[in-house]
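I want to see who pairs with whom.

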Amino acid sequence: MLCLLGNAVALVRGLCRKELYMDQMKLAKGLGWFSIGLGLTEMLAPGWLARTIGVYEDRTGVLRTMGAREAVTGIGVLLEGKPVKGLWGRVAGDAVDISLLAAALKSPENDKRRLAGALAMVLGVTALDFVCARSLQTA
């Protein structure tokens, strides 16, 4: 009886791990698609995006460059079987984005409230990227 119970518990744990892995993969693929969408927005509508996040200085070139990096990273996540490298690439890109947003907060020309909102969103996505990368790395 105990042997049967032990086998059942092991089976359930294995199924839970497999479901968790599948959830992590779904999250990773979602983050990949998010990267591609954000990257395309940065490349195709940098002026609109800059105004939306509160940057009023001309940063079109920087936004297009960051957009290309974002889109390529997203494609990498989607193409990897187990997208650990792509997700760590997203984490590194998030660090660059955070530093650029923090620098933009220092300019008196920019809208600090909007920038703070954008920074909070990037920090939230960074947390998702980090947790997903770490969990897939150890899975």
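My entries on the salt bridges and their surroundings follow.

Ground rules first. I am working with a predicted model, where local features need pLDDT of at least 70, side-chain atom pairs count only at pLDDT 80 or more, and totals for chains, interfaces and linings use all residues. Residues are numbered from 1 along each chain as its sequence is written, and side-chain values use heavy atoms, with hydrogens and water left out.

Entry, the count. I looked for salt bridges, meaning a side-chain nitrogen of Lys or Arg within 4 Å of a carboxyl oxygen of Asp or Glu. The tally came to 6.

Entry, E57 and R59. Their side chains form a salt bridge at 3.5 Å, N to O. For burial I call under 20% relative accessible area buried, over 50% exposed, and in between partly exposed (1.4 Å probe, protein chains only). R59 is partly exposed at 41%, and E57 is partly exposed at 21%.

Entry, R69 and E70. This salt bridge is 3.6 Å, N to O. E70 is buried at 3%, whereas R69 is partly exposed at 21%.

Entry, R90 and D129. I get 2.8 Å, N to O, for this salt bridge. The pair links distant parts of the chain, 39 residues apart: R90 sits in helix 4 and D129 in helix 5 (residues 112-138). Helices here are DSSP runs (H or I, at least four residues), numbered from the N terminus. Both R90 and D129 are buried. Salt bridges with shared partners join R69, E70, R90, D97 and D129 into one network.

Entry, D97. I found D97 in helix 4 (residues 84-105), buried at 12% relative accessibility. Leaving out residues up to four places away in sequence, D97 touches M66, R69, E70 and V122, where contact means heavy atoms within 4.5 Å.

Definitions and conventions. Helix = DSSP H or I, 4+ residues; strand = E, 2+ residues; numbered from the N terminus.
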